[in-house]
Amino acid sequence: MSESHDSNESSSVEEETLDPRDAAVLLSETKRKASVGLELNSLVLSVLGSFALPIGFGIIWWSVRHQHPYQGPTVDAIGLFYLLILVIDVVAVTTLRRTSRGVGGQYKKNRRMLAGMGGVGLIGTFTIMGALEHAHVSNVVVYGIYPATVPLLVGGLIGAVAASQREDWTVYFAALCISVVAAGAAFAGPAGAWAVSGFGCGAVFLVCAGVKLYQRHAR
Amino acid sequence: MNDDELDPLIHAPARLRIMATLAALHLGDTLSFTRLQEMIDLTPGNLITHLRKLEDADYVTTDKTGSGVASRTSVALTPRGRQALDAYAEALRAVLEGI
């Protein structure tokens, strides 16, 4: 036990009597509060994704929608996109830190494993993009179809692994849908891929947030 | 069924809240003593006493890492504790149906 805490009051712990009806209320209320308090806020993150993805990818799509031939996103659009990513990262990390405070054991091991997967996935994705550019592959692929789809495809799969570890099947299914939408978006062409990925995945996040909200109220 | 058949170790407000809170964790996860204390709003002394009773019954495990002021205690529900809570909830349902 935590030795830094004062245990002088140990002897004065009262054994209150508990009516079964009060016990049932206390049990369900405590379970509900604990679930909400310890949930890794997939609701907040889903809401965040539901507007961040359409905005971020929409900015890029807006900058490339009339390009013939396709050149790639403008510097301004890329700057705004990364600014948005930064803001989302800060909000997501802050939210996760708050809810996971004090949670350890298997959760921490899983988190380290996922951080490794995420890091390799992110670096690998952009390394391949560099390799494609180096091989003089068309801008349609290097600055269009590839960055508009592959990061989401990889992110969705990593999200599915994370959700399966928590046995959160709503998020697991949503994460797989993100990957499927991203893969399908590749057929929309270099400009269209940004729009389909952004709005399609935003819609998946929105549905996921709705289901999470429903589940929270149904508890 | 009457309420005498409810597990007396769990059928106490503080311990019921401890068990229900820890049951919200996933299998293999632990919760720090401090966070648990915040969540169920008990004094450290009370929490320690209740945890000892639950630990004696093998319903919870506590694990202390570090020493001195840097020490950190984490708490988790054991599989036996999870079973006991499920059985308690089941028994409680039966009692309420009989009222």
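This is a predicted model: local features need pLDDT of at least 70, side-chain atom pairs count only at pLDDT 80 or more; totals for chains, interfaces and linings use all residues.
**Entry 1: helix H2 of chain B**

I started at helix H2 (residues 33-40) of chain B, where I found Phe33(B), Leu36(B), Gln37(B), Met39(B) and Ile40(B) buried. Buried here means 20 or more other C-beta atoms within 10 Å of the residue's own, against 12 or fewer for exposed and partly exposed in between, with C-beta atoms placed from the backbone. Looking down the axis of H2(B), I see these buried residues within an arc of 165°, so they line one face of the helix. The arc is taken over the directions from the helix axis to the C-beta atoms. The general rule I keep in mind is that an α-helix has 3.6 residues a turn, so residues three or four places apart point the same way.

What do the buried residues of H2(B) pack against? I get H1 of chain A, plus helix H1 (13-23), E1, H3 and E3 of chain B.

**Entry 2: ground rules**

Residues are numbered from 1 along each chain as its sequence is written, and chains are lettered from A and ligands numbered from 1 in the order in which they are written. Helices (H or I, at least four residues) and strands (E, at least two) are DSSP runs, numbered from the N terminus.

**Entry 3: chain B overall**

I counted four helices and three strands in chain B. Read from the N terminus, its elements go α-β-α-α-β-β-α. The C-alpha trace of chain B spans about 50 × 25 × 20 Å along its principal axes. Of the 99 residues in chain B, 43% are buried.

I also checked contacts (C-beta atoms, placed from the backbone, within 7 Å). Among those in chain B with a separation of 6 or more, 61% come from residues 24 or more positions apart.

Is His50(B) buried or exposed? His50(B) sits in helix H3 (residues 44-56) of chain B, and it is buried because 24 other C-beta atoms lie within 10 Å. From His50(B) to Glu5(B) I read 45 residues in sequence and 20 Å in space, C-alpha to C-alpha.

**Entry 4: a sheet across two chains**

Next I traced the strands. Four of them form an open sheet in the order E1(A)-E1(B)-E3(B)-E2(B), with antiparallel pairing. Two strands count as paired if DSSP finds at least two bridges between them. At the edges I find E1 of chain A and strand E2 (60-65) of chain B, each pairing on one side only. From one strand to the next the twist averages 40°, using axes fitted as lines to C-alpha atoms (for helices over the stretch in contact) and angles from 0 to 180 degrees between N-to-C directions.

I then went through the pairs:

- E1(A) is joined to strand E1 (residues 29-32) of chain B by three antiparallel bridges. Here Gly105(A) has Asp29(B) as its bridge partner, and Val103(A) stands opposite Leu31(B).
- E1(B) pairs with strand E3 (residues 72-77) of chain B over two bridges, also antiparallel. Leu31(B) is partnered with Val75(B), and Ser32(B) with Ser74(B).
- E2(B) and E3(B) share six antiparallel bridges. Asp63(B) stands opposite Ser74(B) in E3(B).

E2(B) and E3(B) make a hairpin with six residues between them. In its turn, Gly66(B) has a positive phi of about 80°.

**Entry 5: where chain A touches chain B**

How many residues does each chain put into the contact? I read 35 residues from chain A and 39 residues from chain B. On the chain A side, the elements giving two or more residues are helix H1 (20-38), strand E1 (103-105) and helix H4 (106-134). H1(A) gives the most, with 12 residues.

That side of chain A divides into 12 nonpolar, 13 polar and 10 charged residues. In this count Ala, Val, Leu, Ile, Met, Phe, Trp, Tyr, Cys and Pro are nonpolar, Asp, Glu, Lys and Arg are charged, and the others, Gly among them, are polar.

**Entry 6: helix H6 of chain A**

Last look: helix H6 (residues 169-185) of chain A. It has 17 residues and reaches 24 Å from its first C-alpha to its last, close to the 24 Å expected at 1.5 Å a residue. The expected span is 1.5 Å times one less than the number of residues.

In H6(A) I find Val171(A), Ala174(A), Ala175(A), Ile178(A), Ser179(A), Val181(A), Ala182(A) and Ala185(A) buried. They cover an arc of only 165° around the axis, which puts them on the same side of H6(A). Their cover includes helix H2 (42-64), helix H5 (139-165) and helix H7 (189-218) of chain A.

Key
Two residues are in contact if their C-beta atoms, placed from the backbone, lie within 7 Å.
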